[in-house]
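Visitor: I would like to go through this model with you and ask, for each label, what stands behind it.

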Amino acid sequence: MDLRHAAHLFGKHPSKLLHRLNARHPWSHNDAFHPWIMTHLPTRRRRALDVGCGRGELVARLAEQFEQVHGIDTDAGMRNASRQRCAGLDNVTVSATGLDAVSGGADLITMVAVLHHLDLAAALTQVRRILSPGGRFLCVGLARPDSFTDHAWEAASILTNPLIGVVRHPWVAHPAPGPAPFPVRDPQLTFAEIRARASDILPGVRMRHQLAFRFTLTWTKPDDA
Ligand SMILES: C[S@@+](CC[C@H](N)C(=O)[O-])C[C@H]1O[C@@H](n2cnc3c(N)ncnc32)[C@H](O)[C@@H]1O
């Protein structure tokens with residue numbers, strides 16, 4: 001759920017205040033998870049795949065750690081932005097290749113705010129196929145809040161959002177034409193539904209609620225999978 005939908009939980013006036021604060025101190029809920037990804041990388045670092053690479057920020061960071069990094073995105077504008085962001089990084093490629101056409105042998109697959117754009121079971125099955133044994137899937141996802149716990153995390157995300165904004169972006173932002181917006185969509189599946197399906201396809205998967213209206217999902221492919 002994004003802030004526009006979530007803030008109404010707190011009534012009209014508090015939600016207006018939250019919106020004002022968030023507009024003054026904006027921050028990326030996706031890029032905020034890059035440090036989490038960078039501290040959970042697998043030991044072997046030959047090939048990394050970033051699915052739904054958007055503007056290529058994560059691809060550029062992974063390029064410092066992996067021999068080859070491939071970003072895929074269905075949106076031509078995002079692919080162009082990624083190529084510009086990674087210009088000069090000769091271990092980076094960007095394409096529109098579908099997950100089902102990506103060859104196997106990856107040591108890392110990342111998805112940040114992308115899984116809810118995909119068919120869940122089909123995407124996770126491809127992740128299992130593409131990763132080499134010992135390879136790791138690091139996913140930052142969005143889910144539709146449903147349970148009491150989900151709503152408690154939503155409320156915590158709403159309340160901490162402006163505080164994190166002030167810390168990460170202390171100066172006041174002035175409206176300026178920004179880059180082209182991402183293709184976005186609201187998540188349809190709940191945390192519990194995603195966890196149930198992921199556990200079937202990726203046995204041993206770990207999922208955690210996080211702030212910033214996100215969850216994290218981690219899976220390391222066992223040698224016998
Ligand atoms: C919310 S954006 C996130 C972008 C980026 N991962 C980030 O963290 O900034 C979702 C991205 O997924 C891409 N996308 C949607 N469906 C996709 C698909 N089937 N395969 C690859 N990318 C897809 C969109 O074009 C968009 O760039």
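**Burial, contacts and cores**

Guide: Leaving out residues up to four places away in sequence, Val92 touches Val59, Ala63, Val69 and Cys86, where contact means heavy atoms within 4.5 Å. The model is predicted, so local features need pLDDT of at least 70 and side-chain atom pairs count only at pLDDT 80 or more, while totals for chains, interfaces and linings use all residues. Residues are numbered from 1 along each chain as its sequence is written, and side-chain values use heavy atoms, with hydrogens and water left out.

Visitor: Why is Val92 called buried?

Guide: Buried means under 20% relative accessible area, exposed over 50%, and partly exposed in between (1.4 Å probe, protein chains only); Val92 has a relative accessible area of 14%, and therefore counts as buried.

Visitor: How do you know whether His34 is buried or exposed?

Guide: His34 has 5% relative accessibility and therefore counts as buried; among residues beyond four places in sequence, His34 is in contact with Glu57, Leu58 and Arg61.

Visitor: What makes a set of residues a nonpolar core?

Guide: The residues must be buried Ala, Val, Leu, Ile, Met, Phe, Trp, Tyr or Cys, joined through side-chain atoms within 4.5 Å. The largest such core has 29 residues, of which Ile109, Met111 and Phe137 touch the most other members. Its largest share, 5 residues, comes from H6, helices (H or I, at least four residues) being DSSP runs numbered from the N terminus, as are strands (E, at least two). Apart from this core lies another, of 25 residues, including Trp27 and Cys86.
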